[in-house]
Amino acid sequence: MDSDFIDPIARPGAVEVRGLTIRYGRTEVLGRTSFDLRPGELTTLEGPSGVGKSSLLDALAGQSRAARGGVWIRDHGGRMVSDPADRHLLASRVFQTGNLIGTLSVRDNVALRVTLGDLRDRLVDADALAVVIEHVLAELGLAGLGERRPGQLSGGQVQRVAIARGLVEPAPLLLVDEPTANLDRANAMCVIDALQCAAHEFGRTVVVASHDVELLGVADRRLAIHGRTLRDVTRAAAEELLA
Amino acid sequence: MIARRRAMGRREVVRDLQQRAAARDSSSRRRKRRGASASDGAVRNGDPTGEEETHSAPADGVPAFDGPWSDEPARYRADRDAALDTDPMRRASWDDGAPGDDGRHRLRAPFDPSRVAGRRPGLLGVIARFAWRDLRHRALVPAATSFAIAACCMLLLTLGDVASRLFGHQQRTLAALAPTRIVALADIADPSQRLTPRTMRDIAALPGVAAVVPRYERRVQVRLGTGDEQTLPADGSLPGDPDHAPAQLAWGSGFLDSRDPGAILPRSLLQKLGGELTAAGPRPAVLMVRWSRVDRDGLTHHVDREFPVVGITAGGDFPFPRVRLPMVVVQRADLWSRGFLDDWNGELQAPQGAGRAWRALPLPAALSVHAATLDDVEPLAATLQRRFGFDVRSQSDSVRTVRETAGALTSFVGGLVVPVATVVGLLILILQAVTLFARRDELHLLQVLGVPRCRIAFGIHGLQGLLVGTTGLGAALLAFLVLSAAIRDAISGVFSVPADAIAGGPVFAAPWLIVLCAGLSLTLSALGSILPAWLTLWRMRGRVLED
């Protein structure tokens, strides 16, 4: 199947958000927002700290319920699903602090959701998984660290292991929170390359909450949250650059 | 593409972005032509049409897509193709074996289970590996839990073992007591008071009577070979006497007929006489018996006879041992002792002044009445005393005491199990709860990664509980095997328990004890692991994992 002849919106991982409102108690973080996300695109989410970027990622991943509105994600059968449990199966969430299991090795942490979690049903070949994990770790500069525990890694390495987990999980939607916050420039470029690869070569829908200028520069699409509203600033950024 | 972008200047990047935006617009137009209902991809806030109130899912029926791994990544190709070339099994799992037009193998449907021939890691193996690594990492808490379980099991094993041995000792004593036997004694001096055949028939017809056996009892001196001499009662016995039925014998067959010239001894008497019981039988195997009588002139006469030992009873004839001889022999000894026979082998003589009522046959002076059940003993004893005027002796009081002691001991051990299990269970719960409190985030992360709660609580933590419980039980058994002898000696010394009551034998002689400890330790450990984990997971339902 050649992906060039498939409308991106028809691929698994296509996201449609309609009238999404996120509230914490009486505080409204995001109000009545509608937008689409396409597979094969790297989308960045900008905005000041505390504006609701992580909350939006949680809402997309089905980890928190929207106060109003809805989120639909296209699954592998071509259906649009909105139930949080179904959406959870279609999304990989990468946290800023890594959130790794301290007792497991790096390799087991990366494979955790596929071997023990809800994506286990989609694992068909342990050898293939091992090959993929080794390549992803190597791509992120973690070659040879597969048997180490998180406690034996630096903060940046932990963050990259968390990103590796997101990259390995066979879910079409990849939601990443501040992936380059703790990384030096060289490692940040590795991560950016890997995220671009996930979007452009694997056809995944990649959404990254970030302030990293380098990452914003290579994004296919840039969304920004300002005062409870979401705006597409891709064109504005391009025009700004041209001007 | 990444390398290309890096090589681009700023303006080229912007131009590239514009081209991609135009491609998106074109895609959106194509979709509109197909009548799709989704938006054009632009961000909208506020939604003035009020669409958010009636959101409906976009139309279905769009062609399926293989998934994010359906296009093989270029950088994995070399390694994978090399593996495929050397491993036909893997080739079958990745594609149908035929390379594409470009000569490379294609990953066609990696998520289609029907096409899978590769190795999928077993869930149990993954859970076991997770549980084991977790245990190894948190060495202190599992070790403390195992120690608590081992201490609990050790205590129960020790108490249970001692109680079991004491109970066994009491049961053996109970069996030796012949609790259903009532001994009815008539006046030995007065022949008319002796038990006539009619009286015996009447007694045998009483309700609750299982058997009636006449008894002739005479004190004799016995000796085994050149061993010590003992003076004790000799009872006349018949082949069907329940006192030396085959079930009561440690060796031998007992009397086969009423004229069998043999002797039956209790094991304790055999040892007291200096003999021993081997696999081939008692040694020495011949019992020397001497009867004595004093005549009117004050002269003492003796008769010596030898009897082969034909049976050794397991019980000890508590509290006084006695030797069993054939009824015919003891009857004759009775007559000879009372002067009815001048010579052991002589003719029976009528005593002076004896009328026609004198019976030539010797009548027994005592009767063993065997009750059918223990409950029949007391009513029968009362009847024999009231109706027949016999002096009645039974062992019902001793039986009652032994039964009550055994019951109290069993209740004591049983009562100990509950508080010990409760304390150890609480200890394990507290240990696990404290540990889990520090590991809540980890549990929550597992939940966020889609690991089902049952798999976390019953799989990972349940398995850990079983591992810890098994370790604790194993340690307790090992420690018990090493220390049990010293513990028994200590208990014997402190509580003045007879040494032979709790001596020797492995703990496995009481399998119920092992089963009890295994059940307790595994249940406590598994519950102690599963319960806090389940409660923690249950309380975290719906919580978002925070960065």
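**View 1. Overview of chain A.** Chain A of the predicted model contains 8 helices and 10 strands. Of its 243 residues, 70% count as buried. The accessible surface of chain A comes to about 7900 Å², and carbon and sulfur atoms make up 48% of that area. Among the contacts in chain A with a separation of 6 or more, 68% come from residues 24 or more positions apart.

**View 2. The six-stranded open sheet of chain A.** The 6 strands of this open sheet follow the order S6-S7-S8-S3-S9-S10 in chain A, and their pairing is mixed. Strand S6 (91-94) and strand S10 (229-232) of chain A are the edge strands, each pairing on one side only. From one strand to the next, the twist averages 20°. Strands of a sheet pair through backbone hydrogen bonds, in either a parallel or an antiparallel manner. Strand S3 (residues 42-46) and strand S9 (residues 221-226) of chain A run parallel and are joined by 4 bridges. A:Thr43 has A:Arg221 in S9(A) as its bridge partner.

**View 3. Helix H5 of chain A on the sheet.** Helix H5 (residues 155-168) of chain A lies across S6 and strand S7 (173-177) of chain A. The direction of H5(A) is at about 175° to that of S6(A).

View 4. A:Asp212 sits in the loop between strand S8 (205-209) and helix H7 (213-218) of chain A. Is A:Asp212 buried or exposed? A:Asp212 counts as buried because its relative accessibility is 11%, and the cut-off for buried is under 20%. Setting aside neighbours within four places in sequence, A:Asp212 is in contact with A:Thr180, A:Arg185 and A:Ala188.

**View 5. Strand S4 of chain A and its two partners.** Strand S4 (residues 68-74) of chain A is mostly covered, with 5 of its 7 residues buried. Strand S1 (residues 15-24) of chain A runs antiparallel to S4(A), and 5 bridges join the two. Within this pair, A:Arg18 stands opposite A:Gly70 of S4(A). S4(A) is also joined by 2 bridges to strand S5 (residues 80-81) of chain A, again in an antiparallel arrangement. A:Met80 in S5(A) is the bridge partner of A:Arg74. The hairpin of S4(A) and S5(A) has 5 residues between the strands, and in this hairpin A:Gly78 takes a positive phi near 90°.

**View 6. The four-stranded open sheet of chain B.** In chain B, 4 strands form an open sheet in the order S3-S13-S2-S14, with antiparallel pairing. The edge strands of this sheet are strand S3 (209-215) and strand S14 (391-394) of chain B, and each pairs on one side only. Neighbouring strands are turned against each other by 20° on average, with direction ignored. Strand S2 (residues 181-185) of chain B and S14(B) run antiparallel and are joined by 4 bridges. B:Leu185 has B:Asp391 in S14(B) as its bridge partner.

**View 7. Helices packed on the sheet of chain B.** Helix H7 (residues 197-204) of chain B packs on the sheet and touches S3 and strand S13 (366-371) of chain B. The direction of H7(B) makes about 155° with that of S3(B). Helix H10 (residues 377-388) of chain B also packs on the sheet, touching S2, S3, S13 and S14 of chain B. The direction of H10(B) makes about 10° with that of S2(B).

**View 8. A nonpolar surface patch in chain B.** B:Leu426, B:Ile430 and B:Val434 form a nonpolar patch on the surface, and their accessible area together is about 300 Å². B:Ile430 belongs to helix H11 (residues 396-438) of chain B. With a relative accessible area of 52%, B:Ile430 is exposed, since the cut-off for exposed is over 50%.

**View 9. Helix H12 of chain B.** Helix H12 (residues 440-448) of chain B is mostly covered, with 7 of its 9 residues buried. The buried residues of H12(B) are B:Glu442, B:Leu443, B:His444, B:Leu445, B:Leu446, B:Gln447 and B:Val448. Just after H12(B), B:Gly450 has a positive phi of about 85°.

Key: Residues numbered from 1 in each chain as written. Chains lettered and ligands numbered in written order. Predicted model: local features only at pLDDT ≥ 70, side-chain atom pairs only at ≥ 80, totals over all residues. Heavy atoms only, no water. Patch = residues over 30% accessible without salt bridge, like charges linked within 9 Å, V, L, I, M, F, W, Y side chains within 5 Å. Areas by Shrake-Rupley, 256 points an atom, 1.4 Å probe, with all protein chains shown as cover. Salt bridge = Lys/Arg side-chain N within 4 Å of Asp/Glu carboxyl O. Buried < 20%, exposed > 50% of the residue type's maximum accessible area, 1.4 Å probe, protein only. Pairing = 2+ DSSP bridges. Axes fitted to C-alpha atoms, helices over the stretch in contact; angles between N-to-C directions. Contact = heavy atoms within 4.5 Å.
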